[in-house]
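Welcome! Take a moment to look over the structure below, and then we will walk through it together, one topic at a time.

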Amino acid sequence: MVEKEWEPKIVAFCCNWCSYGGADTAGMGRFQQPASTRVIRVMCSGRIDPLHVFNAFLEGADAVLVTGCHIGDCHYVNGNEKTEVRYKFLEDMLQQLGLEPERLHLNWISASEGERFAHFIRDVTAKVKELGPSPLKPAGVS
Amino acid sequence: MVAVGDMLVGYATDGGVRKRGASGGLVTAVLAAALEKGLVENVVVMKHINEFEAVPIITDDVEVVLASTGSLHSVPVNLAKYAVGRKVAMPAKPCDAQAVIEQAKRGMIDLDNTYVVGLNCGGSMHPVTTKKMLVEMYDIDPEDVIGEEIEKGKLIFKTKDGNEKGIAIDELEEAGFGRRDSCRYCTIKIPVNADLACGNWGVIGDLAGSATFCQVMNDKGVRLLENAIEAGRIEVQPASEKAIAIREKVNTAMVNLGNTLEGKILTEIPDEARIQYYLDQMANCIDCGACKEVCPVCACGEDSKCTMFHSLVDDYSMSMYHLVRLLHLSDSCIACGQCSDVCPSDIPITILQSRFAIPAQRKREYTPGMNVDETPPFFEVILK
Amino acid sequence: MTEQETNTENTQKEEPRIGVFICECGVNIAGAVDCNAVADYIGTLPNVTTAVVNKYTCSDAGQEEIKHAIKDLNLNRVLVASCTPKTHEPIFRACVEEAGLNQYLFEFVNIREHCSWIHMWEKEDATHKAKELVRMGVARAALLEPLQSNEVPVTNKALVIGAGVTGMQAALDIGDMGFQVYLVEQGPSIGGKMAQLDKTFPTNDCSICILGPKMVEVARNKNIEIMSYSEVTEVDGYVGNFKVKVKHKPRYLNIEDCSGCGLCTEKCPIEVPYTEFNEGIGTRKAIYVPFPQAVPLRALVDKSVCIDCGACIKACERGAIDMEQQETFSELDVGVIVVAAGYDVYNPEPKHEYGFGLYDNVITTMEFERLINASGPTMGKVVRPSDVQPPKRIGFVQCVGSRDKNSNIYCSSFCCMASLKNAQLIKEKYPDTEVYIMYMDMRTPFRMYEEFYNRARDSGIKFIRGKPAEVTETQDKNIIARVEDTLTGEIVNLELDMMVLSVGAVAPESTETVRQILKVSKAADGFMMEAHPKLKPVDTTLDGIFIGGMTQGPKDIPYSISQGSACAARATRFLAQGKAMTEGITAVVDDDICVTCGVCVPMCPFQALSMEDEKLKIISALCKGCGTCMAACPTGALQQSHFKNEQLLAQVKNVFAYGEV
């Protein structure tokens with residue numbers, strides 16, 4: 001029996017107005033992507049708590065994506081600016097912890113940028129596949 | 001008349017207080033006067049147990065204040081939480097003052113009602129370690145000790161028989177004794193974030209050992225001193241240029257030492273080895289939650305994100321509790337060392353916190369606990 | 001108790017009973033995802049009462065199935081796995097409400113745009129992913145709670161900011177529907193930029209001739225109160241209940257007494273060499289009426305040049321002048337706000353683009369409009385600035401300040417038609433003039449526009465497809481434009497007597513203040529942002545605030561008027577109902593855990609949070625449900641209903657599984 005090749009599992013937090021829309025547009029444009037990513041919808045990227053990102057890694061995510069609207073376009077005025085502040089702390093912390101930086105990404109994607117979303121997913125999946133499973137993954141989780 | 005920015009030298013008018021105090025009893029007298037004249041309702045002081053131990057108490061009795069101990073190096077407790085919800089005057093090491101300000105930023109302390117009399121601090125030590133050190137390095141019976149002081153880089157103990165013995169601090173620390181880890185790499189030695197910054201650095205000549213140097217940091221500091229002067233409890237005079245220069249010199253030497261030791265204590269870990277290092281360090285955690293209880297910067301109640309989303313049942317590789325604390329404190333940890341002190345599994349939590357906090361704070365050019373108007377960077381609404 | 005209230009109580013007490021409906025969406029989903037396999041797997045999960053497959057869940061039949069299942073199987077949660085919630089979430093929410101279930105107990109999982117359509121040829125992976133996505137949704141659904149929206153009463157008055165053609169149209173429509181409108185205009189007269197234009201394409205109607213009657217209509221409408229020479233300085237509140245502060249700038253005369261007769265202007269000894277209305281050309285007095293058709297037809301004093309000689313006071317037969325007049329303020333209560341604050345003409349001066357500001361004979365379209373206008377500073381004679389002589393050769397340069405990486409990348413949409421119109425007018429008035437249009441593309445999309453373009457081409461206007469790379473001046477102040485005609489490949493040095501820059505539109509600086517007061521988002525092009533570019537072009541993301549005309553981006557007059565009416569229609573929905581529903585998804589705080597540290601308060605861009613009486617107060621009418629406050633909250637006391645930490649973490653947990661899926 002041939003063992004199936006290991007594929008990374010990526011958790012993507014997407015904001016309802018922009019990046020979730022971007023993921024939709026990628027689908028509408030039929031931009032094919034590897035089946036690595038699981039999107040979790042929030043109303044605004046500002047809702048994303050570093051707590052959720054930790055949880056994702058501890059549950060077994062090989063990479064976590066924090067996405068939202070471009071700066072200046074936030075549906076709620078400036079939620080994404082706060083996301084940026086918190087993300088920088090998260091980034092510094094995970095780097096200090098020794099987690100490879102390719103496992104955490106911040107990307108602003110508008111609802112019209114379907115192709116860009118697809119590229120992003122393909123890109124991250126390929127990079128993380130090379131890195132292998134996350135060192136924080138619990139035993140027994142694929 | 002006292003003004004903000006004044007550099008003064010002073011002492012308690014009461015001879016007994018002056019003699020018993022570490023250097024002139026000014027701080028004790030100022031605290032007593034604050035209570036006496038109704039500036040505050042209570043005072044936080046250290047109640048003397050023996051030469052190595054004292055406990056913080058809150059009192060409304062002037063006599064108790066006057067009888068309180070002078071500064072002891074073997075008492076590392078952080079006093080900030082004693083000021084929460086009260087109108088107090090308190091003595092404060094720089095880290096106590098930092099914690100007070102951080103609590104004020106989080107609405108827990110009203111700075112208008114809290115008088116902070118800062119004390120210079122070269123570092124504190126654990127009482128148990130200190131007693132062991134006396135036996136092993138000094139060959140002195142702890143019961144015989146009647147006094148201690150740090151002078152010119154030496155820790156000197158005075159014994160009942162009138163003798164004294166001093167050993168260089170570096171020598172003690174090389175041998176595994178001496179100051180707590182976090183004190184060694186601390187670089188805030190003069191409490192410029194308090195209302196008054198007091199200590200014995202810069203007290204020279206005849207007054208050496210019997211007067212306190214006092215820098216007036218703000219309006220509340222002015223009020224404290226003027227109040228004590230009116231009450232007849234203290235006398236002050238301007239400090240000489242030479243005294244000011246000496247104080248600055250001592251401070252610079254201590255700060256430089258702190259910077260050097262930071263490199264030795266917070267050793268570089270190669271990138272590939274980091275995760276394993278942290279996994280190993282956190283492996284022995286028994287989830288007692290003492291580090292959170294004792295943290296003087298933390299304003300959360302019993303239930304907060306670090307506890308509510310952490311569960312032993314989850315069988316994660318790393319503790320969610322610690323990850324959240326590391327994140328939430330990366331902008332605000334003042335490296336006071338309380339967490340390492342209380343950990344029953346001997347996890348050097350302060351060092352772990354500092355590995356994240358020091359780079360995060362430096363990168364953002366932010367020092368917690370210095371100015372109540374500065375927002376902790378994690379709560380900024382825009383990236384600066 | 002109503003059926004809904006009973007159900008709500010039940011859902012809070014009972015175990016979750018989730019009904020899962022997996023849509024095949026024809027072959028859109030079923031083509032890549034084995035929906036039956038997904039349903040079988042999901043059916044094995046805890047809390048799932050039923051898991052079925054539909055061909056088209058959104059169809060009537062599909063919706064009926066859901067409603068029946070809720071009743072027959074006593075479901076207290078519903079999950080639909082199909083397309084994107086952006087399309088059908090409202091439909092399904094309404095569907096479950098009809099069956100007696102609170103709409104927030106409905107969960108939507110996207111297995112089409114996020115799964116079947118992007119893994120079209122990886123069926124195994126797509127099916128596996130769909131199983132996991134639905135599993136995540138089930139875990140979340142089990143934790144959902146019923147939520148209520150609040151009803152708030154609506155003040156039945158409207159505020160329209162900006163009295164250009166868009167604002168005027170909006171005000172007329174709202175006023176005609178019987179509601180009172182405050183029309184606030186920062187200039188001394190209503191009418192906006194359209195009043196400055198000469199003719200309007202494609203009909204070449206005289207602009208002020210068609211606008212004037214509209215302006216009079218606005219003035220006569222009993223429901224419209226014009227506040228000219230006024231600015232909005234503060235806006236507080238929320239939909240249905242806005243409190244607006246308006247500043248009335250001093251004209252230094254009483255507008256009730258002034259009749260606009262102009263005697264004061266005649267007598268005024270101070271003449272200044274610029275005019276706002278004539279785009280800087282010509283002169284005006286220190287006391288002046290903005291233009292002959294101004295509404296209100298009243299004068300105003302420019303105190304910066306007035307010498308206080310009193311000549312106007314003597315001249316005024318009605319004693320209207322009051323040099324001591326102060327600015328005053330009004331406080332208005334309105335239910336809805338329409339922003340139609342117009343645009344600024346792009347200014348090519350700072351970089352001296354195409355020689356503007358350096359060479360006398362390079363002008364902008366708006367300056368041209370005033371020259372050719374019969375009541376303009378030259379009485380309609382098109383003359384060139386340097387020697388006041390009619391130009392024999394005129395060139396128009398398109399896309400100045402538009403479609404340009406160095407200034408604005410957007411297309412201003414009206415400039416092609418404007419130049420075609422102006423070029424034609426020259427040809428009509430001065431047939432011997434050589435007219436060139438230097439362009440990149442000709443954009444003439446709407447009714448009669450392409451025909452207009454064809455007429456222009458037939459009238460002898462020469463089109464050069466290229467923009468001048470270099471513009472210089474001769475000794476006679478003629479303009480030499482060195483341009484490549486990219487269709488023929490020729491490079492020509494075009495000598496012109498005058499050159500007109502077809503400048504685009506930019507968002508005016510004055511609206512930036514209004515935008516920030518209202519907290520409307522700014523779009524990438526600097527204008528204000530609509531809620532959805534396709535489906536909600538005049539709504540903003542803030543309930544009760546609408547944008548139209550140039551405020552929503554560069555456009556021409558018919559489009560602006562349409563948007564004015566659109567804003568009126570969208571706004572009047574609230575006024576007519578007399579009530580509005582606020583967001584059901586809001587912040588909630590657990591006071592037992594909250595330590596009132598206050599770090600959340602500055603996080604809210606809508607000022608919905610405040611500390612009062614030692615507790616956190618949340619004004620749910622202001623809360624938009626974004627959740628940015630709670631990521632900061634260190635205790636986790638502050639939560640967003642429908643997106644609580646537990647709910648999100650349940651989704652995260654269920655991404656992963658131990659063992660077979």
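## Where chain B meets chain A

Let us begin with a single link between two chains. Asp92(A) and Arg364(B) are joined by a salt bridge, with 3.1 Å between their closest N and O atoms. Please keep in mind as you read that this is a predicted model. How many salt bridges are there across the interface of chain B and chain A? The count is 3. Polar contacts also cross this interface, in 9 residue pairs where both partners have pLDDT 80 or more.

Which helices of chain B supply at least two residues each to the side that touches chain A? They are helix H10 (271-282), helix H13 (320-329) and helix H15 (349-363). The one that gives the most is H13(B), with 5 residues. Taken as a whole, the contact involves 28 residues of chain B and 25 residues of chain A. Together, chain B and chain A bury about 2700 Å², and carbon and sulfur atoms account for 68% of that area.

## Where chain A meets chain C

Now let us turn to another interface. Here 52 residues from chain A and 53 residues from chain C take part in the contact. About 4400 Å² is buried between chain A and chain C, with 58% coming from carbon and sulfur atoms. Three arginines deserve a look: Arg38(A), Arg41(A) and Arg47(A) provide 16% of the area that chain A buries against chain C, more than any other three residues.

Between chain A and chain C there are 4 salt bridges. You can find Lys653(C) and Glu59(A) joined in a salt bridge by their side chains, at 3.8 Å from N to O. Polar contacts number 21 residue pairs across the interface of chain A and chain C, counting pairs with both residues at pLDDT 80 or more. Several elements of chain A give two or more residues to the side that touches chain C: strand E1 (10-15), helix H1 (19-28), strand E2 (37-42), helix H2 (50-59) and helix H3 (79-97). The largest share of that side is from H1(A), with 7 residues.

Next, the aromatic side chains. Over all chains, a search of the whole structure turns up 18 aromatic pairs. Why does the pair of Phe446(C) and Tyr449(C) count as edge-to-face? Their ring planes stand at 80°, and planes over 60 degrees apart are given that name. The centres of these two rings are 5.9 Å apart. The two partners can also be described by their accessibility: Phe446(C) counts as partly exposed because its relative accessibility is 49%, whereas Tyr449(C) is buried, at 3%.

Another pair, Phe546(C) with Phe574(C), is tilted, with 6.3 Å from centre to centre and 40° between the planes. This pair links distant parts of the chain, 28 residues apart: Phe546(C) belongs to strand E29 (residues 545-547) of chain C, and Phe574(C) to helix H15 (residues 557-577) of chain C. Are these two phenylalanines, Phe546(C) and Phe574(C), buried or exposed? Both Phe546(C) and Phe574(C) are buried. Rings from two chains also come together, with Phe89(A), Phe378(B) and Phe379(B) making up one aromatic cluster.

## Charges over rings

In chain B, Lys220(B) places its charged end over the ring of Tyr115(B), 5.7 Å from the ring centre. In chain C, the ring of Tyr288(C) has the charged end of Arg284(C) over it, 4.1 Å from the centre.

Which helix holds Asn227(B)? You will find Asn227(B) in helix H8 (residues 219-230) of chain B. With 8% relative accessibility, Asn227(B) counts as buried. A polar atom of the side chain of Asn227(B) is 3.1 Å from the backbone oxygen of Ala33(B). Apart from neighbours within four places in sequence, Asn227(B) has contacts with Ala33(B), Ala34(B), Lys37(B) and Leu39(B).

Finally, look at Glu369(C), which lies in helix H11 (residues 365-372) of chain C. Glu369(C) is buried, as its relative accessible area is 2%. Setting aside neighbours within four places in sequence, the residues in contact with Glu369(C) include Gln196(C), Leu197(C), Asp198(C) and Lys199(C), along with Lys421(C) and Asn422(C).

Key. Residues numbered from 1 in each chain as written. Chains lettered and ligands numbered in written order. Predicted model: local features only at pLDDT ≥ 70, side-chain atom pairs only at ≥ 80, totals over all residues. Heavy atoms only, no water. Phe/Tyr/Trp six-rings, centres within 6.5 Å; stacked < 30°, edge-to-face > 60°. Buried < 20%, exposed > 50% of the residue type's maximum accessible area, 1.4 Å probe, protein only. Helix = DSSP H or I, 4+ residues; strand = E, 2+ residues; numbered from the N terminus. Lys NZ or Arg CZ within 6 Å of the ring centre and 35° of its normal. Polar contact = N/O pair within 3.5 Å; in protein donor to acceptor, adjacent residues only side chain to side chain. Contact = heavy atoms within 4.5 Å. Buried area = accessible area lost by both parts, 1.4 Å probe.
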